[in-house]
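Me: I've got a protein model on screen and I'd like to learn how to read it. Can we start with pockets?

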Amino acid sequence: MKSSGSSTLTRPASGSATAGADGHPRRRKGRKGRIPRQLAVSPWLFAAPGLGIVGTFILYPFISTVINAFTDKRTLIDGQYVGLANFRELLHDDMFWIGLRNSSLYVLGVVPALVVLPLLLAMLVQKHIPGIGFFRSAFYTPVVASIVVVGLIWVWLLDERGLVNAVLEAVGVGKVGFLSDQWLLLLSAMAVTVWRGLGYYMIIYLAALASVPRELHEAAAVDGAGAFRRFLTVTVPAVRSTMVLVGALSSVTAFKVFSEVYLMAGPNGGPAGEDTTLVMLVQRTGTGLTGRIGYASALSVVVFVVTVGLMLLVLRADRKEEQ
């Protein structure tokens with residue numbers, strides 16, 4: 001018969017500590033696997049909101065567009081699989097070639113200006129002189145301004161009864177059809193795009209110029225190099241990678257131009273639609289109750305492929321120059 005004071009054998013509770021051979025407490029093994037699992041899941045919980053937004057507004061629309069490009073889907077009609085019929089139709093669509101021409105010309109006219117002019121502007125505003133902050137803010141104001149407001153202001157300025165034509169008529173030049181001539185309208189839209197992009201790319205160049213050692217300019221000046229020579233031999237090599245970045249970004253933006261041309265040329269794309277860009281054609285084809293969503297998706301796929309190709313060409317050219 002056991003005495004009441006004798007110890008009874010009790011089963012340790014789950015997760016409780018037990019004494020080992022050395023006398024130190026040990027925790028049950030069943031508990032060890034929980035902490036690593038929690039640490040592995042925690043980062044995904046923090047990233048879940050961002051991944052949900054990207055998946056909902058970027059990945060799903062992209063995949064849906066690629067799928068619709070191979071169908072004849074319309075706004076109120078479910079599409080059937082038609083293979084490459086939409087892409088074959090593109091080859092015989094005159095408006096597609098007009099849009100491709102205008103978008104390509106836009107890249108050729110805008111990208112060189114947005115690569116060089118913001119760099120020169122950044123070199124001017126990086127100087128520490130009284131009041132330079134005001135000019136930096138003034139140059140950056142078009143970036144934060146609404147594109148609709150900017151477009152309307154430029155339309156009022158370049159209209160036949162606008163300020164620019166009033167000044168030209170006052171000095172005896174006569175009125176110029178900035179918004180009625182096919183090529184002048186396209187050039188006017190390019191000017192607006194360059195004007196809006198100067199401040200944005202100026203900030204990027206300012207960050208790059210801040211990392212250029214001042215000693216390089218001083219050494220070049222001691223060797224007798226002038227301002228233009230120092231610009232070519234010191235500044236340009238130091239910010240060449242930034243120039244490549246600006247060229248890639250501006251080429252993609254220029255090829256996908258929509259707002260400037262739409263606001264200045266109207267929804268029809270100027271006289272006889274001759275100023276229509278590819279993105280304007282996508283908007284015109286794929287919207288409305290009778291919108292051809294399948295054909296517009298095929299146009300969107302072409303725009304995506306061309307923009308990716310432009311970026312790869314810029315990066316490949318930069319890589320060859322480095323070699």
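Me: Which helices each supply at least two residues of the lining of the second largest pocket?

Reply: Look first at what a pocket is: on a 1 Å grid over the protein atoms alone, an open set of points where a 1.4 Å probe fits, with protein on both sides within 12 Å along at least five of seven lines; lining residues have an atom within 4 Å of a point. Here α3, α10 and α13 each supply at least two, and α13 gives the most, with six residues. Helices are DSSP runs (H or I, at least four residues), numbered from the N terminus. By the way, this is a predicted model: local features need pLDDT of at least 70, side-chain atom pairs count only at pLDDT 80 or more, and totals for chains, interfaces and linings use all residues. Residues are numbered from 1 along each chain as its sequence is written, and side-chain values use heavy atoms, leaving out hydrogens and water.

Me: Which residues are the closest to the centre of that second largest pocket?

Reply: Of its 14 lining residues, they are Met 243, Val 244, Val 314, Ala 317 and Asp 318.

Me: Which residues of α10 are buried?

Reply: Buried means under 20% relative accessible area, with a 1.4 Å probe and protein chains only, while exposed means over 50%. In α10, the buried ones include Met 243, Val 244 and Phe 255.

Me: And where is Ala 272?

Reply: Ala 272 sits in the loop between α11 (259-265) and α12 (278-286). Ala 272 counts as exposed because its relative accessibility is 73%. Its phi is positive, about 60°, although Ala 272 isn't a glycine.
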